[in-house]
Every structure is written in structure tokens, then in C-alpha cells.
Amino acid sequence: MIVNHDARHTRWILAAVLGLTAAIHLPEMLSLRWVPYHDTMQTYMDFHNFYSEFRHTGQLALWQPYGNFGIGLDLILWTALTPFAALSMALGLLVGASDTLLLFKLAV
């Protein structure tokens, strides 16, 4: 059976679904502690690792002992440490910031 819907009806349904989805997730996304749990989470964990290591020891982390039985971070360093991330880290070190999530959000 073929049903003919006009374009206005389809747009209204799409707008309602998007509006409902936004209304459900907006409080989470506006909170200061929200981090998406996909590729951005991995990038944030690498950012946190690099920044914390540099802040505490003065050196960049070159390996990650807890993931995949210890892996070198050479490739991850060049992919996760973007120019904006490096600028955010430098700014954080300059002011003595300990909140890596805030610095990461500034970099992204």
C-alpha cells in the first residue's frame, strides 16, 4: 500500500522528533561535566594523559602503561596533540590549571 504524505507533514514529524531529542539531551550537553563517549573520549583521555604527565613531571608522556599491555604514544601524540590542544595546555600550565576537562573543551 502506497501512502502519499505531503512535505509539510513530513517536515513537522522530523521537527518534532528532533525537538524531542534535543529537549531530552540538552540538559546533559549544557552541563560542565559532559563528555561524549566515543572518539572524543579517547582524545580527551590522551589529552589528560599528556597534560597531567607534563604538569607533574615536566615531560611529555611517551607510553601508556595501562592500555593494550603498554603502548608507545608516538602516533597518538601527533594525532591527539593538535595545535589548539598544545595552546590550551600551554595556557593551562601558565595559569596552573588542574581541570583538564575545561582545557580540553577550550581546545576543541
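Me: What pattern does the chain follow when read along the sequence?
Reply: In this predicted model, the chain follows α-α-β-β-α-α-α along its sequence.

Me: What makes the span of helix α4 close to the one expected?
Reply: Helix α4 covers residues 83-95, that is, 13 residues.

Me: Which residues of α4 are called buried, and why?
Reply: The buried residues of α4 are Ala85, Ser88, Met89 and Gly92. They are called buried because the term applies to residues under 20% relative accessible area.

Me: How do you know that the buried residues of α4 line one face of the helix?
Reply: Viewed down the axis of α4, the buried residues fall within an arc of 100 degrees, so they line one face. An α-helix has 3.6 residues a turn, so residues three or four places apart point the same way.

Me: Which residues of α4 are exposed on the face turned away from its buried side?
Reply: That face carries Pro83, Leu87 and Leu94. They are called exposed because this term requires over 50% relative accessible area.

Me: What share of the residues in the chain is buried?
Reply: Buried residues make up 22% of the 108 residues. The accessible surface of the chain comes to about 8500 Å², with 68% belonging to carbon and sulfur atoms.

Terms used
Residues numbered from 1 in each chain as written. Predicted model: local features only at pLDDT ≥ 70, side-chain atom pairs only at ≥ 80, totals over all residues. Heavy atoms only, no water. Helix = DSSP H or I, 4+ residues; strand = E, 2+ residues; numbered from the N terminus. Expected span 1.5 Å × (residues − 1). Buried < 20%, exposed > 50% of the residue type's maximum accessible area, 1.4 Å probe, protein only. Arc of directions from axis to C-beta. Areas by Shrake-Rupley, 256 points an atom, 1.4 Å probe, with all protein chains shown as cover.
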